[in-house]
Amino acid sequence: MPNKVSAEKRDRQNERRNTINRRNRSRLRTQIKKLRAALKGNAVEQLKALLPETFSVIDKSVHKGIIHRNTAARYKSRLAHHVGAAIAKAA
């Protein structure tokens with residue numbers, strides 16, 4: 001239990017930021033899971049639609065400080081490689 005007004009305010013701020021960060025991290029993970037599920041299903045049209053959306057969510061997560069930019073680049077590279085392979089395989 002904080003003893004000072006400034007400590008109480010900091011607790012409120014931390015709780016608010018924690019909620020926002022958790023929401024953004026969950027959104028990122030959900031979007032990546034959607035794309036990976038579509039990869040398993042081999043739905044080419046769905047993959048083409050989901051890839052730009054996923055890249056957008058990843059980029060926004062970097063901007064918001066949820067993940068590091070190198071981590072984002074790694075995710076995007078691997079996902080693009082898998083999607084490209086799935087599309088080539090389907091063609």
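How close do the axes of α1 and helix α3 (residues 69–90) come, and at what angle do they cross? The views below take this up in a predicted model, where local features need pLDDT of at least 70, side-chain atom pairs count only at pLDDT 80 or more, and totals for chains, interfaces and linings use all residues. Residues are numbered from 1 along each chain as its sequence is written, and side-chain values use heavy atoms, without hydrogens and water.

**View A. The crossing of α1 and α3.** The two axes come within 10 Å and cross at roughly 25 degrees. Axes are lines fitted to C-alpha atoms over the stretch in contact, with angles from 0 to 180 degrees between N-to-C directions. α1 is therefore roughly parallel to α3 (angles under 35 degrees). Helices are DSSP runs of H or I, at least four residues, numbered from the N terminus.

**View B. The contact of α1 with α3.** From α1 come Ile32, Leu35, Arg36 and Leu39. Tyr75, Leu79, His82, Val83 and Ala86 come from α3. Contact means heavy atoms within 4.5 Å.

**View C. Asparagine 42 in a loop.** Asparagine 42 lies between α1 and α2 (44–63). Its phi is positive, about 60 degrees, although asparagine 42 is not a glycine. Most residues other than glycine have a negative phi. Asparagine 42 is partly exposed at 49% relative accessibility (partly exposed lies between buried, under 20%, and exposed, over 50%, with a 1.4 Å probe and protein chains only).

**View D. Threonine 30 in helix α1.** The helix spans residues 5–41. Threonine 30 is partly exposed, with a relative accessible area of 38%. Threonine 30 and histidine 81 are 51 residues apart in sequence. Their C-alpha atoms are 19 Å apart in space.

Definitions and conventions
Helices (H or I, at least four residues) and strands (E, at least two) are DSSP runs, numbered from the N terminus. Angles under 35 degrees count as roughly parallel, over 145 as roughly antiparallel, 65 to 115 as roughly perpendicular and the rest as oblique.
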